[in-house]
Amino acid sequence: MVDNRHATALVIAGVLSVLASVYLSVSIGSPHWYRYTSPPVRAEPNATELRALQEEFLEGEFDEKTVSDALFRMNGTLGLWWRCVQTPTDAHWYREPDPKMVMECVSFTLSQQFTPKYKEPGNHNSGEDMIRTYLWRCQFLLPLVSLGLVVLGGLLGFCACLCGSLTPALYIGLLHLLAGLCSLATVCCFLAGMDLLHRVSMLPDHVDGTLGWSLYLALIASPLHMMAAALLVWAARSHSQSYYRMTVYRVA
């Protein structure tokens with residue numbers, strides 16, 4: 001039998017878990033983890049160069065230097081699975097004071113997610129940068145692991161409901177704790193990878209980089225998972241102690 005305190009804790013933990021999973025899922029699928037702001041182009045030669053860079057970004061083969069240059073110079077945004085740049089709708093946009101821009105995005109393929117990073121982006125002869133390579137792979141895999149742990153916890157919770165037992169709540173709480181750590185590690189890997197990228201690829205003059213709202217969503221998901229874990233572990237431990245005291249009382 002589950003008393004009201006434990007039932008309330010389980011309900012709140014379930015709501016927190018759902019919110020955290022939704023936040024993390026939205027952040028994974030959006031391209032707004034990092035945003036670059038570049039100055040407008042007013043000269044035709046620069047506009048021609050940007051058109052070529054745009055075509056290479058959208059249709060050419062994946063190259064880290066090309067992608068980075070396009071993001072730097074075309075108000076690009078970067079996510080875990082997507083990269084986007086702002087492109088003009090008019091051929092003579094550089095002559096207009098306020099040209100209309102649209103955002104065009106390209107997804108990272110699975111093979112691109114595991115492509116090695118080099119010490120000098122675009123130079124395959126410079127040697128593989130193992131730290132950046134594995135940071136990128138971790139930031140791709142860890143959020144999937146986090147969601148997988150939550151799904152596994154949900155399946156265990158469903159089985160526990162069918163069995164009428166609160167004991168699995170302890171293990172479900174531990175799964176949520178691991179999910180929260182994976183979400184936090186995802187953000188840390190992304191920030192560390194961006195910092196190392198900016199060290200090997202210097203930002204052009206007057207180009208600024210800022211964190212996007214998707215990163216903050218993933219960051220919020222981590223403490224929500226951990227709070228859900230704390231409530232689940234508390235409910236399981238408290239229920240176990242209450243059951244033990246009740247059993248001792250009956251025996252006595």
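Which element gives the largest share of the lining of the largest pocket? The views below are of a predicted model, in which local features need pLDDT of at least 70 and side-chain atom pairs count only at pLDDT 80 or more, while totals for chains, interfaces and linings use all residues. Residues are numbered from 1 along each chain as its sequence is written, and side-chain values use heavy atoms, with hydrogens and water left out.

**View 1. Lining of the largest pocket.** α5 gives the largest share, 7 residues. A pocket is an open set of points on a 1 Å grid over the protein atoms alone, where a 1.4 Å probe fits, with protein on both sides within 12 Å along at least five of seven lines; lining residues have an atom within 4 Å of a point. Helices (H or I, at least four residues) and strands (E, at least two) are DSSP runs. α1 (4–29), α5 (130–163) and α6 (169–200) each supply at least two lining residues.

**View 2. Centre of the largest pocket.** Of 19 lining residues, Leu10, Gly157, Cys161, Ile172 and Leu232 lie nearest the centre. The volume, meaning the space filled by probe spheres set on the points, is about 320 Å³.

**View 3. The largest nonpolar core.** Such a core joins buried Ala, Val, Leu, Ile, Met, Phe, Trp, Tyr and Cys residues through side-chain atoms within 4.5 Å; buried means under 20% relative accessible area (1.4 Å probe, protein chains only). This one has 35 residues, and Trp33, Tyr36 and Phe57 are among those with the most contacts inside it. α7 (213–251) is one of the contributing elements and provides the largest share, 6 residues.

**View 4. Surroundings of Tyr36.** Beyond its neighbours within four places in sequence, Tyr36 has contacts (heavy atoms within 4.5 Å) with residues including Leu71, Met194 and His198.

Terms used: Buried means under 20% relative accessible area, exposed over 50%, partly exposed in between (1.4 Å probe, protein chains only).
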